[in-house]
Amino acid sequence: MKYMMLINAASTDPIANGCTPEDWMVYDKQVTEAGIFVSGESLADLTTATAVRVGPDGSRTVTDGPFAETREVLGGFYVIDVPNLDVALDWAARCPGARGGGSVVVRPIADFGE
């Protein structure tokens, strides 16, 4: 079963989050060597984001950046293919993004039978 792990950092400073680039390289290697890696990316700085909203009349509004009232920043994601939720949660707990006030949200990928 495929699961997406959304990595939310407590801040934009990776060192302040309690992990180093080397921690991420080790985790990437572990996920790949375990044969569960489907895809994953680190996102560019939050200041590069653009938000699109469509009103009831179909008008489009484009603004710089998301302005959600949250202290966490979505920093990236992994999609993994593992037998069940318990295994996905185990991998999420190993993720460097779960340290230092960050969190990893685990969600199953919907299967529409395609």
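The buried residues of helix α2 pack against β1 (2–9), α1 (21–33), β5 (73–81) and β6 (103–108), where contact means heavy atoms within 4.5 Å. Helices (H or I, at least four residues) and strands (E, at least two) are DSSP runs, numbered from the N terminus. This is a predicted model, in which local features need pLDDT of at least 70 and side-chain atom pairs count only at pLDDT 80 or more, while totals for chains, interfaces and linings use all residues. Residues are numbered from 1 along each chain as its sequence is written, and side-chain values use heavy atoms, with hydrogens and water left out.

Within α2, which covers residues 85–94, the buried residues are Ala88, Trp91 and Ala92; buried means under 20% relative accessible area, exposed over 50%, and partly exposed in between, with a 1.4 Å probe and protein chains only. Seen down the axis of α2, these buried residues fall within an arc of 105 degrees, so they line one face of the helix; the arc is that of the directions from the helix axis to the C-beta atoms. An α-helix has 3.6 residues a turn, so residues three or four places apart point the same way. On the other side of α2, Asp86 and Ala93 are exposed. The N-terminal end of α2 is capped by Asn84, which has a side-chain oxygen 3.1 Å from the backbone nitrogen of Asp86.

Turning to the strands, an open sheet of four strands has the order β2-β5-β1-β6, with antiparallel pairing, and two strands pair if DSSP finds at least two bridges between them. The edge strands are β2 (37–42) and β6, each of which pairs on one side only. In β5, Asp81 is the bridge partner of Lys2. Helix α1 packs on the sheet, where α1 touches β1, β2 and β5, and the direction of α1 makes about 20 degrees with that of β5; axes are lines fitted to C-alpha atoms, for helices over the stretch in contact, and angles run from 0 to 180 degrees between N-to-C directions.

| Strand pair | Bridges |
|---|---|
| β1 and β5 | eight bridges |
| β3 (50–54) and β4 (60–64) | five bridges |

Ala51 stands opposite Thr63 in β4, and in the hairpin of β3 and β4, which has five residues between the strands, Gly58 takes a positive phi near 90 degrees.

The mean pLDDT of the protein is 88, and 87% of its residues reach 70 or more, pLDDT being the predictor's confidence in each residue, from 0 to 100.

Note on methods:
Polar contact = N/O pair within 3.5 Å; in protein donor to acceptor, adjacent residues only side chain to side chain.
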